[in-house]
Amino acid sequence: MKVEDFDYDLPKDLIAQTPLLKRDSSRLLVLDKNTGEIEHKNFSDIIEYLDEGDTLVLNDTKVIPARLIGEKEDTKAVIEVLMLRDEGNDIWECLAKPAKRVKIGTVINFGNKLKAECVHIGEDGIRKFKLIYEGILYEILDELGEMPLPPYIHEKLSDKDRYQTVYAKNVGSAAAPTAGLHFTEELLKKIKEKGVNIAYITLHVGLGTFRPVAVENVDDHKMHSEFYVMSEEVANLLNETKERGNKIVSVGTTSTRTLETVMNLYGKFKGCSGFTDIFIYPGYNFKGIDRLITNFHLPKSTLVMLVSALAGRENILNAYNEAIKEKYRFFSFGDAMFIK
């Protein structure tokens, strides 16, 4: 299977640069994965597709203002650092740019409250830094850091919270689980009132989100691992949902990867945590999820491959072409798709 098989042409003006004023006013393309049939709706209509007893699964990770601009202590060269993963003891895995200027022992200053010393060199711009600071790191990052918006977004974000879901809770992501950006507290309340269960899991989004697929054959791509957590309470709820024949509706590819990882490991849902590097592409047999709420993803990305595994490559590419024709907004701040 070739990476080229998951390509499509997207006009640049359809890449959403800013979020809509009202989160749930985005559009919703509904795709029947069995027939390929397409409907055009508004996101607030999602409630029509959720039945009493179903369980909606949301990723409650919270994005850290992980993009830092600093200066090398010796030469004053400007270095950009994107914090990806907390490895404990103030060691962080990061993406440095330009990485070639950062060697073992390089110290970068980010103002007078935070320094970072390079302690390990990895591949493709990855560096590990020992952070040097006094006080509470996340408070310092709130002051010094910027939201790590994807490179295709060129507009400045006026409100940091618009790159967080309304239910973001567990700090640790380098990117937002963007399918969840469409939900408002009011919409979640209505969904609950309909008798739909709402379950929260955590997957801290890391490097996999930023890395393009650089190989020719899909099989050769290696996913970067990301940390996930599922509570025993949520696991029991999901198992009960399956047992009574209701649907598990996953919000986003990050929730999906967590649910599928746990099912592959244990054959049922189970309270657990760990790192996952699961790569889902056509041929994969879904064991955890029944339906998926997601955004429109980049051409040739692992995320297009994941949705193609669920709905079929031809159905997905056809739906994407229909979305382009209908001028849907694409990517992180764009419109949504529901695969039923």
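**Reading helices and rings**

Student: At what angle do helix 5 (residues 302-311) and helix 6 (residues 313-325) pack?

Tutor: Helix 5 and helix 6 pack at about 120°, with their axes 7 Å apart. Helices (H or I, at least four residues) and strands (E, at least two) are DSSP runs numbered from the N terminus; axes are lines fitted to C-alpha atoms, for helices over the stretch in contact, and angles run from 0 to 180 degrees between N-to-C directions. This is a predicted model, with pLDDT of at least 70 needed for local features and 80 or more for side-chain atom pairs, while totals for chains, interfaces and linings use all residues. Residues are numbered from 1 along each chain as its sequence is written, and side-chain values use heavy atoms, leaving out hydrogens and water.

Student: Which residues make the contact?

Tutor: Helix 5 brings V304, V307, S308 and A311, and helix 6 brings R313, N315, I316 and Y320 (contact means heavy atoms within 4.5 Å).

Student: How many aromatic pairs are there?

Tutor: Rings of Phe, Tyr and Trp (its six-membered ring) pair if their centres lie within 6.5 Å; planes under 30 degrees apart are stacked, over 60 edge-to-face, the rest tilted. That rule gives 15 aromatic pairs. F43 and F183 have ring centres 5.1 Å apart and planes at 90°, so they are edge-to-face. Both are buried (under 20% relative accessible area; exposed is over 50%, partly exposed in between, with a 1.4 Å probe and protein chains only).

Student: Where does Y320 lie?

Tutor: Y320 lies in helix 6, and F330 in the loop between helix 6 and strand 17 (336-339), so their pair ties together parts ten residues apart in sequence. Y320 and F330 are edge-to-face, 5.9 Å centre to centre with 80° between the planes, and both are buried. Ring pairs also link Y320 and F330 into a cluster with Y8, Y152, F296, Y328 and F331.
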